[in-house]
Amino acid sequence: MTARGMRRRRLDLVLMTTGAAGLVTSTLLAKRRVYGWEVAVFQAINGMPGSIRPYLWVLNQYGTVVTVPVATSVALLFRKWLMALSLAISGIGVYVLAIVIKGYVDRGRPSAIVEGVVERETFSPDSLGFPSGHAAVAWAITIIVLAYLGRPWQIAAIVLAIVVPFVRMYVGAHLPLDLIGGAALGVTVASAVNLLTGVPARAPTENTRAGPNTDERGDISDHQL
């Protein structure tokens, strides 16, 4: 394995460990109760003008479940086989784990907990808030993008992964801990998938302006060299 491959694996290991710690901590905290700081942050963002909703709606799509098959298809189009596989596994993984954790924590949406919530989406009365599936998907995709694509794509992915949680509070879908837990879930799963599949040896970090690498050799994992 090359030195770059070793650094990549160490980074994924750190991300997975940190994400797992964040997920466990936020899960235990969310199961206990709702905190004052959560309510304050949520109300500040949820109370923003309704006129900005159309613009935020577009950014919010980055965290939808539909984004996973779309991103996977794009990766396949550019012959990024391992990236496509990682996206698919991560997407399915966060979806299934989010359902399991939601049942364990059993924490309702903000409207069931906080007064005066402005709901800008329609939610089922019995739907649960922790963890946020949107945050999980957004951060899972971002971790994969950081491993496979060049700097412009990395910056865009990070920005979107940060924006999506704010949008989820704006529409009245989640409290802060829900989003922290979702982000931690996404980071944990995607990093674990990167460790299992192996990130391409010839990562495009050599050219920071590079987009998707269509060279099939780019998907030769480190352990195959």
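**Notebook: helix α6 and its surroundings**

I began with two helices and listed who meets whom: from α6, His 134, Ala 135, Ala 138, Trp 139, Thr 142, Val 145 and Leu 146 are in contact with Trp 153, Gln 154, Ala 157, Ile 158, Ala 161, Ile 162, Val 164, Pro 165 and Arg 168 of α7. Contact here means heavy atoms within 4.5 Å. Sorted by class, this contact has 12 nonpolar, 3 polar and 1 charged residues. For the classes, Ala, Val, Leu, Ile, Met, Phe, Trp, Tyr, Cys and Pro count as nonpolar, Asp, Glu, Lys and Arg as charged, and the others, Gly among them, as polar.

A note to myself on the source: this is a predicted model, where local features need pLDDT of at least 70 and side-chain atom pairs count only at pLDDT 80 or more, while totals for chains, interfaces and linings use all residues. Residues are numbered from 1 along each chain as its sequence is written, and side-chain values use heavy atoms, with hydrogens and water left out.

Next I looked up how the two helices lie. The axes of α6 (residues 133-148) and α7 (residues 151-170) come within 9 Å and cross at roughly 170°. That makes α6 roughly antiparallel to α7 (angles over 145 degrees count as such; they run from 0 to 180 degrees between N-to-C directions, with axes fitted to C-alpha atoms over the stretch in contact). Helices are DSSP runs of H or I with at least four residues, numbered from the N terminus.

Then I picked Ala 135, which sits in α6. Is Ala 135 buried or exposed? Ala 135 is buried, at a relative accessible area of 0%; buried means under 20%, with a 1.4 Å probe and protein chains only. Beyond residues up to four places away in sequence, Ala 135 touches Val 164, Pro 165, Leu 179, Gly 182 and Ala 183. I also found Gly 186 at 7.2 Å from Ala 135, C-alpha to C-alpha, though 51 residues apart in sequence.

On to the nonpolar cores, sets of buried Ala, Val, Leu, Ile, Met, Phe, Trp, Tyr and Cys residues joined through side-chain atoms within 4.5 Å. The largest has 38 residues, and Ile 141 and Tyr 148 are among those with the most contacts inside it. Its largest share, 10 residues, comes from α6.

Last, I checked Asp 178 in helix α8. Asp 178 is buried, with a relative accessible area of 0%.

Methods. Angles under 35 degrees count as roughly parallel, over 145 as roughly antiparallel, 65 to 115 as roughly perpendicular and the rest as oblique. Buried means under 20% relative accessible area, exposed over 50%, partly exposed in between (1.4 Å probe, protein chains only).
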